[in-house]
Amino acid sequence: QVQLVESGGGLVQPGGSLRLSCAASGSIFSINVMGWWRRAPGKQRELVATITRTGCTNYADSVWGRFTISRDNAKNTVYLQMNSLKPEDTAVYYCGVIDDKPRAYWGQGTQVTVSS
């Protein structure tokens, strides 16, 4: 079985920063893509950012310039540095990985709340 463990969520004021981490473990084929998705209240899950094995990144327009995704391939860990947070960033953030089968795996999510 595969486990993805997220950490780093919490409550922050507008303009603040948070750093999310996700470590993957278990029986996983070679990971091609790692990333973050989020689900805000009343909305569907949306892509936040992804990063490939070679370091190619992709960001949602809503977070471009504010969020930075990175990964440590040796540790099967992905990070999301979130700066200049806005209330509309409030959501449950999910770590996801896609291996070369391809199969997708999801973490349980971590709550990020941006409020004054």
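## Charged pairs, rings and a threonine

Arginine 66 is buried, with a relative accessible area of 11%. The model is predicted. Arginine 66 belongs to a network of salt bridges that also links Arg38, Glu46 and Asp89.

**Salt bridges**

- Side chains of opposite charge can pair when their charged atoms come close.
- The structure has four salt bridges.
- Aspartate 89 pairs with arginine 66, and their closest N and O atoms are 2.8 Å apart. This pair joins distant parts of the chain, 23 residues apart. Aspartate 89 sits in the loop between S8 and S9, and arginine 66 in the loop between strand S6 (57–59) and strand S7 (67–72).
- Aspartate 89 also forms a salt bridge with arginine 38, with the closest N and O atoms 3.0 Å apart. Arginine 38 lies in strand S4 and aspartate 89 in the loop between S8 and S9, so this bridge ties together parts that are 51 residues apart in sequence.
- Arginine 38 forms a salt bridge with glutamate 46 too, at 2.7 Å between the closest N and O atoms.

- Aspartate 89 has 1% relative accessibility, so it counts as buried.
- Arginine 38 is buried as well, at 5%.
- Glutamate 46 is partly exposed, with a relative accessible area of 33%.

**Aromatic rings**

- There is one aromatic pair in the structure. Its members are tryptophan 37 and tryptophan 106, with ring centres 4.9 Å apart. Their planes stand at 75 degrees, so the pair is edge-to-face.
- The two tryptophans are 69 residues apart. Tryptophan 37 is in strand S4 (residues 31–39), and tryptophan 106 is in strand S10 (residues 104–106).
- Tryptophan 37 counts as buried, at 16% relative accessibility. Tryptophan 106 counts as partly exposed, at 41%.
- Arginine 45 lies over the face of tryptophan 106, at 4.6 Å from the ring centre. Arginine 45 also lies over the face of tyrosine 94, at 4.1 Å from the ring centre.

**Threonine 90**

- Threonine 90 is in the loop between strand S8 (77–82) and strand S9 (91–99). Its relative accessible area is 17%, so it is buried.
- A polar atom of the threonine 90 side chain lies 2.9 Å from the backbone oxygen of proline 87. The side chain also reaches the backbone nitrogen of valine 114, at 2.9 Å.
- Leaving aside neighbours within four places in sequence, threonine 90 is in contact with residues including Ala40, Pro41 and Gln111.

Note on methods
Residues numbered from 1 in each chain as written. Predicted model: local features only at pLDDT ≥ 70, side-chain atom pairs only at ≥ 80, totals over all residues. Heavy atoms only, no water. Phe/Tyr/Trp six-rings, centres within 6.5 Å; stacked < 30°, edge-to-face > 60°. Helix = DSSP H or I, 4+ residues; strand = E, 2+ residues; numbered from the N terminus. Buried < 20%, exposed > 50% of the residue type's maximum accessible area, 1.4 Å probe, protein only. Lys NZ or Arg CZ within 6 Å of the ring centre and 35° of its normal. Polar contact = N/O pair within 3.5 Å; in protein donor to acceptor, adjacent residues only side chain to side chain. Contact = heavy atoms within 4.5 Å. Salt bridge = Lys/Arg side-chain N within 4 Å of Asp/Glu carboxyl O.
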